[in-house]
Amino acid sequence: MEATKTNKTMKTYHKLIFGDVENMKELEDKSIHLVVTSPPYFNAPFDYPDLFESYDKYLDKMRKIAKELRRVVAEGRIICIVCDDTLINGRKYPVVADLTKIYVEEGFIYRDKIIWIKPEGYIRISRRSGVILQHPYPMYFYPDNIQETILIFQNGKFDYKKVPKELKEKSKIDVKEYQQNKWYLTTWNITNVLPLKNRIEEGIAAFPDEIPYRLIKLFSYVGETVLDPFMGSGTTNKVAAILGRNSVGYEIDLELCEVVKEKMGLKQSLLFEKNYKVEIIIREDAKHLRTYLQEKVKKQKSVVKNAKRKTTELI
């Protein structure tokens, strides 16, 4: 993705709301043209340990949000969800299958699925494949995961004839880029963002700019509005601004506010006026989660490290 491709002919607006996304009261019916998001992975040990009381509670939350998306997303428009199954204490939870079921049951059309493949050296969690090196026998095989899923749903049928020709031309996809970077495949090879120290994404499970860049280009027109109901550090909103789209973001964790401001360029003193405006709304139902989760993650890592010293048992 090239940041120099900022659309400079149109001022865009970005409403960033800190509060519970179950209630998108700030949004009118059918006002969103594209959703690009990544919900929290159910109690993922190195991102969201014990965030949800149970897997059923997690799925209930996802269903309530799907219902709200059905209300706010315009007819025929797209919802893209970056997600993955979650491994906790040796048990794998079928998040991808269950989210697919929820969205179909809530009335969305299951349009497609992209597999995002990461470089092998960017595995964050334990290398499960090593078990077979210690126990080279049948039934000890567990592969290392270097992929995530991008689920693509559609809210009814899209009327291509309603899009003005001028708008189509303004939003035209660069076919050379499309072919060179192999957007046309159901597998996308993209380097992931590691939440390392001294990075803006430290302690945050953020996806790389390239994912919303491709999805916004492929599924929205210039001047339309992109929603990320799990805003996190604000990657989707930043890329939407670069591409001349408006955006809305919801984030429950108020501790990410300063990170979002930085990513949106609100902490920088620029010589020239930005071609977008940002409004930040803090609701009463916002929470403070980042510090709590990072402390939990530290404890998890400590437990894993000590366990590795004491045993070579199968994880």
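Is L227 buried or exposed? Select L227 first: its relative accessible area is 0%, which falls under the 20% cut-off, so L227 is buried. Keep in mind throughout that the model is predicted.

**Stop 1: L227 and its surroundings**

L227 sits in strand 9, which covers residues 225–228. Show the residues that L227 touches, leaving out those up to four places away in sequence: M24, L27, I32, L34, V35, V36, L69, V72, V248 and Y250. Now pick L34 out of that group. L34 and L227 are separated by 193 residues in sequence, yet their C-alpha atoms are 6.2 Å apart.

**Stop 2: the chain as a whole**

Colour by secondary structure to see nine helices and eleven strands. Among contacts with a separation of 6 or more, 79% are between residues 24 or more positions apart.

**Stop 3: helix 1**

Select residues 55–72, which form helix 1. This helix has 18 residues and runs 26 Å from its first C-alpha to its last, close to the 26 Å expected at 1.5 Å a residue. Show side chains for the buried residues of helix 1: Y55, Y58, L59, M62, I65, A66, E68, L69 and V72. An α-helix has 3.6 residues a turn, so residues three or four places apart point the same way. What do the buried residues of helix 1 pack against? Display strand 2 (32–37), strand 3 (73–83), strand 5 (91–93), helix 2 and strand 9 to see their partners. Two of the buried residues listed for helix 1, L69 and V72, were also among the residues touched by L227 at the opening stop.

**Stop 4: the cavity**

Rolling a probe the size of a water molecule over the atoms shows where empty space is left. The structure holds one cavity of 30 Å³ or more, and the largest cavity has a volume of about 40 Å³. To find it, select the lining residues T37, P39, M62, I65, I81, L99, Y103 and F230. Helix 1 and helix 2 (95–105) are the elements that give two or more residues to this lining. By class, the lining has seven nonpolar residues, one polar residue and no charged residues.

**Stop 5: the second largest pocket**

Next, centre the view on I78, R111, I173, L218 and F219, which lie nearest the centre of the second largest pocket among its 23 lining residues. The elements giving two or more residues to the lining of this pocket are strand 3, strand 6 (109–117), strand 7 (147–154) and helix 6. About 460 Å³ of space lies in this pocket. Its lining has 14 nonpolar, five polar and four charged residues.

**Stop 6: helix 6**

Stay with F219 and select the helix that contains it, helix 6, at residues 210–219. Nine of its ten residues are buried, so helix 6 is largely enclosed by the rest of the structure. The buried residues are E210, I211, P212, Y213, R214, L215, I216, K217 and F219.

**Stop 7**

Finally, select C80 and C257. The relative accessible area of C80 is 0%, so C80 is buried. C257 has a relative accessible area of 7%, also under 20%, and is therefore buried. How many disulfides does a search of the whole structure find? The search returns zero disulfides.

Notes:
Residues are numbered from 1 along each chain as its sequence is written. This is a predicted model: local features need pLDDT of at least 70, side-chain atom pairs count only at pLDDT 80 or more; totals for chains, interfaces and linings use all residues. Side-chain values use heavy atoms; hydrogens and water are left out. On a 1 Å grid over the protein atoms alone, a cavity is a set of points where a 1.4 Å probe fits but cannot get out, and a pocket is an open set with protein on both sides within 12 Å along at least five of seven lines; lining residues have an atom within 4 Å of a point. Grid points are joined across faces, edges and corners, and a volume is the space filled by probe spheres set on the points. Helices (H or I, at least four residues) and strands (E, at least two) are DSSP runs, numbered from the N terminus. Ala, Val, Leu, Ile, Met, Phe, Trp, Tyr, Cys and Pro count as nonpolar, Asp, Glu, Lys and Arg as charged, and the others, Gly among them, as polar. Buried means under 20% relative accessible area, exposed over 50%, partly exposed in between (1.4 Å probe, protein chains only). Contact means heavy atoms within 4.5 Å. A disulfide is a pair of cysteine sulfur atoms within 2.5 Å. The expected span of a helix is 1.5 Å times one less than its number of residues.
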